[in-house]
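Trainee: I'd like to learn how to read salt bridges in a model. Could you walk me through some?

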Amino acid sequence: MAGATRHVFQLQPCENSSMSQCAFPEDAAESELPDGCGLLHTSRKYLKLKNFEEEIRAHRDLDGFLDRASIILNETATSLDDVLRAMLVRLVHKPDNTESDCNLDLLMAVLFTDAGTPMEGKVHLLSDTIQGVTATVTGVQYQQSWLCIICTSKSLLKRHVCISRLVRPQNWGENCCEVRFVILVLAPPKMKSTKTATEVGRTFATMFLDITFRQKLLKTRTEEEFKEALVHQRQLLTMMDQGLTPSLKHYSISSIYIPKSHQPLQQKDFFPVGKGIREDFARRFPVYPLDFTDGIIGKNKAVGKFITTTLFLYFACLLPTIAFGSLNDEITYGAIDVQKTIAGQSIGSLLYALFSGQPLVVLLTTAPLALYTHVIRGICDDYDLDFNTFYAWTGLWNSFFLALYALFNFSLIMSLFKRSTEEIIALFISMTFVLDAVKGMVKIFQKYYGTSHGNHNADHISVLSLLGLGTSLNTSFHTALNTSLLANPPELTSVSSRSAEHSSRETAVLSLLIMLGTLWLSYTLYQFKKSPYLHPYMREILSDCALPISVLTFSVISSYGFQEINMSKFRYNPSERLFKIAEMQSLSLGAIGSAMGLGFLLSMLFFIEQNLVAALANAPENRLVKGTAYHWDLLLVAIINTGLSLFGMPWIHAAYPHSPLHVRALAVVEERVENGHIYETIVNVWETRLTTLGASILVGFSLLLLPLPLQWIPKPVLYGLFLYIALTSIDANQLFERMALLLKDQASYPPTHYIRRVPQRKIHYFTGLQVLQLLLLCAFGMSPLPYMKMIFPLIMMVMIPIRYKLLPRIIEAKYLDAMDAEH
């Protein structure tokens, strides 16, 4: 077939599939087998052509060869054994050779299939080769004028390449009838995934695939001319991979890479008003009924996965809701309590599940929102304002700005956030979960493991702090957080100082064990799907239910197994009126203007969090197919929070890492192996509304479980939940993976796209720059000053010019784009 795409195959007569080389007589006894008969194992594996534009190893492999060139231009030997032995001798006797313990006979034996077999010398075939092929109408046609032989040996210290040009074509058997070029590649077995013998062989095999190049090599008379031909061929391949030589496209269409062109945003992109919302409706409305029927009706049902995911989502949403409800109860003096937080969470997430364009996104109230609530409480105390009214006006201004962002298509700005920027923010959020858990446990030990005098006065000190007596705004916020998480019910306070001290120490130690136990059990069950035990269906159920099982298990252990030890419970004060509209007319125009400023800062936090989390949930590797709806979902969040503001309930927006974890829970995952590295890939995701609907309804019914049995869930279980969520969220975080590379042996590096395309030093530079940006986020986002935390959204926006203006001055743009690419 003229102009067909050429591919490279790896022939491995060694380990993976069996092929009989001789027929055994059916009536012959085993001891009467014909002499020389046996089994030969043959395996063929497709290798992609080396991309000389993207894969930096292509150039480095050739440069390394040119520096220590081993080239035999006129080999007169005719047998394959003699040719290979001459090449090995050339490698061993090079002036710069460091292989002092190299054994030629051992290397020769490793190259062939008969090494170490009882039939040595009977089946003498090459073990591992790479050859070029062309697809034709009648089958596959081998390029028989060249042969690449690869080999690994423990006796080698580094990689070696030798190229031999024979004086005349040699016939060495099937598919090797007219060999003129032999490429021999030797390497140690323990090598980085991009430096293996196969990868080096792929570099040279890609070059020799071109018949014009081979003809040019036949005409060279000196080693220098031979090297010049290699360099010229590299330049041609690089230009072809850049798409600059259309005449070469027939050479290998599949290997050409055309970079994506990202047009800069222009003013016209934000008009006409509402364009993005209309496009979202046009994209998502036709498949809206499928959100309720997929996995329920049809051949491929996933009812069991929906049930387990709903249970996971219920616990993952309920426990943080209780925690932040308890915190809000403390900092607002009961104006926003656990009841209102649960009710707002249920109603808001229920509306979002029904009407959103991205139903896999999970809405929650978060720590930054609790911080804004605390700042509002402080302003109200300082200026004698009604909290509910000022809170409502702030929320209304926030919703007003969000509606403007949605109508004027501001979500397009999020396209400026590269993958690396998103992962910095995602890792920061994961770190905040860990920090919350660690700080909570430290406070438990400070409270319960100290002196008995400190134990008796801890509650009184916390109460004084909440009243603002002699403390700053920042101190009262942290004290309120600790009190809401740590305070025991008054009726559980011990009378005897000696028994109180004894019980307190037991409480501290048990709290630590409960937290770590919750983390251990949940993460062990989450990883159970990779174990060989039980049926695969049961393993998947246990993995999906890891969080509910661990929470229930350690809540029972804490509440019933250690009844004599007082564990910290969340604060609960029932609301007098659950639904009470704020008196909007009671504020002055100046106070309403102040609320507008707070609402604007709050809207920036909502805008970034909502769009960023939605983008992470819709990442290309998740393979979602029903489309996105960033503009409509932003408007819907504004509408939902308008109602929550009027009724004095906590605000909610898209939550990380709950949303990506929700997608992961509904995914069908396969394990694949590449170059000895096992990785998981998502095949498809059940894009349904039923799981978020079910979880929202269950959260609403949880109001009936207050105060008991929900108060039986101790705070250390919640800390364990935070650690579990943080640990599972960093599994696919590329920044965390690259930070781990600093601690790994190069031979253990995974064969990811950036390992192939970017020099190792540049990867580490980029990782270091990301860590600096992460520290910048931590400086503001984890600052002890609440007002610094309020400008945290502005810091996230500053990361856009850092990525586009500063980083390209340090690292080449092509390497930045490669590390920001999805694959």
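This is a predicted model: local features need pLDDT of at least 70, side-chain atom pairs count only at pLDDT 80 or more; totals for chains, interfaces and linings use all residues.

Trainee: Which residue does the side chain of Arg221 meet in a salt bridge?

Mentor: Side chains of opposite charge can pair when their charged atoms come close. Here the partner of Arg221 is Glu225, with 3.9 Å from N to O. The pair counts because the cut-off is 4 Å. Glu225 itself is partly exposed, at 28% relative accessibility.

Trainee: How many salt bridges does this rule give?

Mentor: The count is 22. One of them joins Asp63 and Arg234, at 2.7 Å from N to O. That pair links distant parts of the chain, since Asp63 sits in helix 1 (residues 56–67) and Arg234 in helix 6 (residues 223–241), 171 residues apart.

Trainee: Is Arg234 buried or exposed?

Mentor: Arg234 has 13% relative accessibility, so it counts as buried. Asp63 is partly exposed, with a relative accessible area of 32%.

Trainee: What separates Asp280 and Arg283 in helix 7?

Mentor: About one helical turn, because they are 3 residues apart in that helix (residues 275–284). Asp280 is buried at 4% relative accessibility, while Arg283 is partly exposed at 35%. There is also a network: Arg284, Asp291, Asp294, Lys626 and Arg689 are joined by salt bridges that share partners.

Key
Residues are numbered from 1 along each chain as its sequence is written. Side-chain values use heavy atoms; hydrogens and water are left out. Helices (H or I, at least four residues) and strands (E, at least two) are DSSP runs, numbered from the N terminus. Buried means under 20% relative accessible area, exposed over 50%, partly exposed in between (1.4 Å probe, protein chains only).
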